[in-house]
Amino acid sequence: MSYPLYAVIDLGSNSFHMLITRQLADSVQIVDKVKRKVRLASGLDENNILSNESIERGLECMRFFAERLQDFPKQNIRIVATATLRLAKNRDDFISQANQILGHNIQLLSGVDEAKTIYKGVAYTSNIKGNKLVFDIGGASTEIIIGENVEPLKAVSLDIGCVTFNNAFFKQGELAEQAFEQAIIRAKTKIATIIEDYQTIPFDVVLGGSGTMQALAEILMHQQKPTIIDYQFLRDMQQQLINSKTIDAIDIGGLVGERIPVFASGLTILIALFESFKVESLRLSAGALREGLLYDMLPSTKTIDIATLTINSMMTKYHVDQPHSQRVLNLANEIFSACVNSWSALEQQDEFILNAACQLHEIGLLIEYKKHQKHGAYLVNNSQMLGFNQTEKQTLAMLIEQQKEAIDLDKLANQLLPIKTCAALLVIFRLAIMLASRRQDKHLPKLRISAEANTLTMGFESAWLDSHPLIHDELTQEINRVAKLGINLTINT
């Protein structure tokens with residue numbers, strides 16, 4: 001059976017990207033990604049004229065992409081150009097030739113349209129509810145959007161970007177402290193022109209997914225830290241760059257070579273955004289412009305986020321007993337609700353990963369029962385899971401692997417999430433699985449749950465415990481197991 005292919009091409013100011021996907025039932029599968037560092041913005045002169053050399057670099061990339069596009073129906077292709085081609089006075093010289101090569105017309109996005117599409121991509125691939133402030137730092141522009149759930153409320157595109165700032169402040173490759181401060185001041189001056197419009201709308205979380213934020217997240221992962229970017233980390237990175245003295249001498253663990261040339265300039269813009277919007281921390285999003293374009297093309301995906309599509313697809317693929325996974329999920333939600341306001345390690349958004357674990361905890365059974373927890377963890381770690389970032393995938397795999405029997409404390413210590421958060425989620429998850437082990441609704445207990453700091457008390461009807469001696473015994477053993485996690489579990493009748 002064949003499935004329709006979709007292609008999205010983003011002609012960015014720094015890189016040209018091609019994303020190829022296909023739709024499998026209600027899930028999206030990435031088939032291929034192609035990326036070329038064209039650095040189109042570096043070819044703009046002071047009069048916003050693209051050099052012949054940069055045009056030719058871009059057209060060469062178009063010839064590469066054109067080969068692949070022959071396999072797609074026209075209606076399944078979206079090709080967009082962004083900030084550099086908005087600025088370039090001779091953009092028609094490039095676009096007309098590129099259209100001919102591709103056999104498909106390039107759509108030049110306005111700054112606001114680009115920003116709104118970025119927000120769609122972030123919202124579609126995010127599991128976070130509420131108001132979101134989104135930053136996207138490109139080669140020649142930075143998009144700032146605030147929205148409620150999946151709807152953008154305000155969107156703007158500013159002509160500050162990591163390539164143009166690199167040319168303006170770090171062109172000679174020197175990383176002087178004065179250059180950083182000048183770049184930050186320039187960015188804050190631009191941001192100041194729009195900041196008042198955003199101050200009337202509160203936001204619950206700040207998200208970003210462009211190259212600068214991805215580079216910072218990769219550095220944090222290399223350091224075995226949660227991929228949450230805070231202001232102090234940005235300033236620490238700035239100092240490391242200043243100590244390096246030149247771009248060629250940058251040697252930061254986790255920072256890959258292709259990100260190095262514009263890392264310093266992107267960092268200055270992000271520092272300016274943090275200071276202007278008084279941001280405390282930023283989380284990496286799983287999607288941005290390309291995902292927003294794809295979302296607009298795909299049929300039947302407008303009312304459900306991509307993480308849910310991913311979970312539903314995996315449950316179908318691995319023949320999960322869905323009524324049973326729902327039982328486990330309901331119990332886990334009941335326990336989580338009792339704990340979230342009393343356990344400082346938990347936040348409401350942690351329920352997302354707990355729910356995913358409940359729905360997918362038995363995927364390893366399709367391979368075999370023996371070591372099915374390890375099989376399930378392997379499948380999660382090695383599956384393409386759109387809508388999940390690396391931290392979420394790692395936590396999900398850990399929960400599935402540690403769902404029963406002895407607890408491996410080392411596996412919790414090696415997580416990107418704080419160990420206390422992992423421990424809290426694991427306790428709730430294991431108890432939910434244990435209490436639903438008879439796999440029938442009529443055998444579920446009626447619970448009385450109370451929680452205080454590091455303490456969980458669960459009350460059962462004595463008749464239920466008497467009629468479920470195996471579960472009662474497992475609960476008794478669990479008291480000692482979770483004590484190793486610093487949680488005091490009490491079972492009452």
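This is a predicted model: local features need pLDDT of at least 70, side-chain atom pairs count only at pLDDT 80 or more; totals for chains, interfaces and linings use all residues.

User: Why is the contact between Arg235 and Glu181 called a salt bridge?

Analyst: The term asks for a side-chain nitrogen of Lys or Arg within 4 Å of a carboxyl oxygen of Asp or Glu. Here the N to O distance is 3.3 Å, so the pair qualifies. Arg235 sits in helix H9 (residues 231-244) and Glu181 in helix H6 (residues 177-192), 54 residues apart. (Helices, H or I with at least four residues, and strands, E with at least two, are DSSP runs numbered from the N terminus.) Both residues also belong to a salt-bridge network with Lys188 and Glu275.

User: How many salt bridges are there in the whole structure?

Analyst: The search finds 19. One of them joins Asp10 and Arg290, with the closest N and O atoms 3.0 Å apart. Asp10 is in strand E1 (residues 5-11) and Arg290 in helix H11 (residues 289-297), so this pair ties together parts 280 residues apart in sequence.

User: How do you know whether Asp10 is buried or exposed?

Analyst: Its relative accessible area is 8%, under the 20% limit, so Asp10 is buried. Arg290, at 22%, counts as partly exposed.

User: And what makes Glu218 and Arg259 a salt bridge?

Analyst: Their N to O distance is 3.1 Å, which is within 4 Å, so they pass. Glu218 lies in helix H8 (residues 211-222) and Arg259 in the loop between H9 and helix H10 (263-277), so parts 41 residues apart in sequence are tied together. Glu218 is partly exposed at 26%, whereas Arg259 is buried at 13%.

User: Why are the buried residues of helix H5 said to be on the same side?

Analyst: In H5 (residues 162-169), Cys162, Val163, Phe165, Asn166 and Phe169 are buried. They cover an arc of only 165° around the axis, so they fall on the same side of H5; the arc is that of the directions from the helix axis to the C-beta atoms.

Terms used
Residues are numbered from 1 along each chain as its sequence is written. Side-chain values use heavy atoms; hydrogens and water are left out. Buried means under 20% relative accessible area, exposed over 50%, partly exposed in between (1.4 Å probe, protein chains only).
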